[in-house]
Amino acid sequence: MSQTKTELLQGNLYINGEWVSEEEQTYFESINPATQELVGTCAAATASQVDDAVRAASTAYSHWKNTSIPERAAFLTKAAELFEDRKEELAQVMTKEMGKPLTESIGEVGVVIATAQYMAGEGRRLFGEIVPAGFPDRDIKMVREPLGVVACITPWNFPVSLASYKMFAALIAGNTVVWKPASEVALSAKIFMEVLHAAGLPKGTINLLTGSGRIVGQKLATHSEVKIISFTGSTEVGQQLAEMSSRTLKRISLELGGKNAVIVLKDADLDKAAEGIVKSAFTTTGQRCTAASRVIVERSVKEELLKKVIALTKEMKIGNGLEQGVVIGPLVNEQQCRLVENYVQKAVEEGGNIALGGRALSEELGTCYYMPTIIDNVHSNHTIAQEEIFGPVLAFIEVNGYEEAMSVNNGTMYGLSTSIYTSSLHYASRAAKDAVSGLVYINNGTSNAEMGVAFGGMKMSGNGHREVSHHAFDVMTEWKSVYTNY
């Protein structure tokens, strides 16, 4: 059933506590990838509007940084309550905009609520340090201080949870925020910002700019009044932002791509391994930085494991994320579907065998659907074993034992998440030490992070900063040393 004109949503910009637009404002469309229907239209920010938002945030900073931390926390606690009230509505729009199943979208709003509550609590734990002085009649303390305006640039695969990680840590620390979400999920961002507005945050403390990364993202990265860039997205874009922001010595936090692997040794519980692999590989249609895209398995159990993974994958219902029972939705757009197709074709050309899937479902379901795909006989140097795909594609790589498995695991430019299935305490303990990745899961899939635990990657998966836990304050604050002689 097509949407009527009155059901279409419109997203404007949120600057200095108001929803704004210019007379000559241009708009772009948000399209439902499951149905190709128009969800709504969103304002494309101009360079001057970026300046307006940064100016508003910079002006608000002097007040916000001097607001007591318990008072800042109260705003986040109120926001958590309001997100609960609008959970279903926000989840529905997310699913319409980027395609993930509604159950996943509802779960994501739950993460936003938990993050608001967690960061509100962390406000009471923004501890400094007392340092013993080397001279009599002197006290020395070190305190955390905010830096100013934080530009949060977020992707489309987790439209609001990733924003909450960045924005709530920035706010509780005393910074102000300018947020640039991915254009594909601009209407979800609008609802997110409506909730924060209703929570009563002071004018200018938070600002929303939708539109082009070329205009908005680049201007934020080079703006002299922006002190921190917090970005989640592709490694390529992260590198570009790092180069641009270096000219003004901004602090920059990058959470980038991954080529995550599940290592399965011959002593593993294969049923549990298969379940963890399928969930890690195909949840969010494989469109997540922690998705499992490689299975590195000992040769003697490969065939049995492959059969189990295929059987579980076949049980997964594909379709519109708003339909009951669907666990795999469409890819975010047709361009992403073509990208997945090209990677699968390349894998076959390099010698891989398609064990399941391997084709688009354009005739059966629509232009953005692609079958969950499993490719066997992949070698560690194949393109599909090295490059991030961001789609429902899983490569099986055979190895002769732990040493080779870990070598293959570490043999990409990425280092985000590694999983190993084994009943051996010896190999589990070694993997925890040997894996060059920011996250290591033992007898669990690659995508199962929890609140309060540092999240981030090594190598080209990030630049060393972490989110989700109190370690986010290493990005959002800087140390000031205070010497007092008495």
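Me: So a cavity is a set of points on a 1 Å grid where a 1.4 Å probe fits but cannot get out. How many of 30 Å³ or more are there here?

Reply: This is a predicted model, and the count by that rule is 3 cavities.

Me: How much space is in the second largest cavity?

Reply: The second largest cavity holds about 70 Å³.

Me: Which residues sit closest to its centre?

Reply: Lys259, Asn409, Tyr414, Gly415 and Thr418 are the closest, out of 14 residues that line the second largest cavity.

Me: And which elements give two or more residues to that lining?

Reply: Three strands are listed: strand 13 (260-264), strand 18 (414-415) and strand 19 (417-421).

Me: How does the lining of the second largest cavity divide into nonpolar, polar and charged?

Reply: The lining of the second largest cavity has 4 nonpolar, 8 polar and 2 charged residues.

Me: OK, and how much space does the largest cavity have?

Reply: About 90 Å³ lies in the largest cavity. Its lining is made of 15 residues, and those nearest the centre are Gly286, Ala291, Ser293, Ile389 and Phe390. By type, the lining of the largest cavity has 7 nonpolar, 5 polar and 3 charged residues.

Me: Changing topic. Where is Thr284 found?

Reply: Thr284 lies in the loop that runs between helix 9 (270-282) and strand 14 (292-298).

Me: Is Thr284 buried or exposed?

Reply: Thr284 has a relative accessible area of 1%, so Thr284 counts as buried, the cut-off being under 20%.

Me: Which residues is Thr284 in contact with, leaving aside neighbours within four places in sequence?

Reply: Those contacts of Thr284 are Met98, Lys100, Glu104, Asn157 and Phe158.

Me: Last topic. How many disulfides does the structure hold?

Reply: The number of disulfides is 0. For Cys42, the nearest cysteine sulfur belongs to Cys368 and is 17 Å away.

Me: Why is Cys42 in no disulfide?

Reply: Because a disulfide needs two cysteine sulfur atoms within 2.5 Å, and the nearest one to Cys42 is 17 Å away. Cys42 is also buried, with a relative accessible area of 0%.

Notes
Residues are numbered from 1 along each chain as its sequence is written. This is a predicted model: local features need pLDDT of at least 70, side-chain atom pairs count only at pLDDT 80 or more; totals for chains, interfaces and linings use all residues. Side-chain values use heavy atoms; hydrogens and water are left out. On a 1 Å grid over the protein atoms alone, a cavity is a set of points where a 1.4 Å probe fits but cannot get out, and a pocket is an open set with protein on both sides within 12 Å along at least five of seven lines; lining residues have an atom within 4 Å of a point. Grid points are joined across faces, edges and corners, and a volume is the space filled by probe spheres set on the points. Ala, Val, Leu, Ile, Met, Phe, Trp, Tyr, Cys and Pro count as nonpolar, Asp, Glu, Lys and Arg as charged, and the others, Gly among them, as polar. Helices (H or I, at least four residues) and strands (E, at least two) are DSSP runs, numbered from the N terminus. Buried means under 20% relative accessible area, exposed over 50%, partly exposed in between (1.4 Å probe, protein chains only). Contact means heavy atoms within 4.5 Å.
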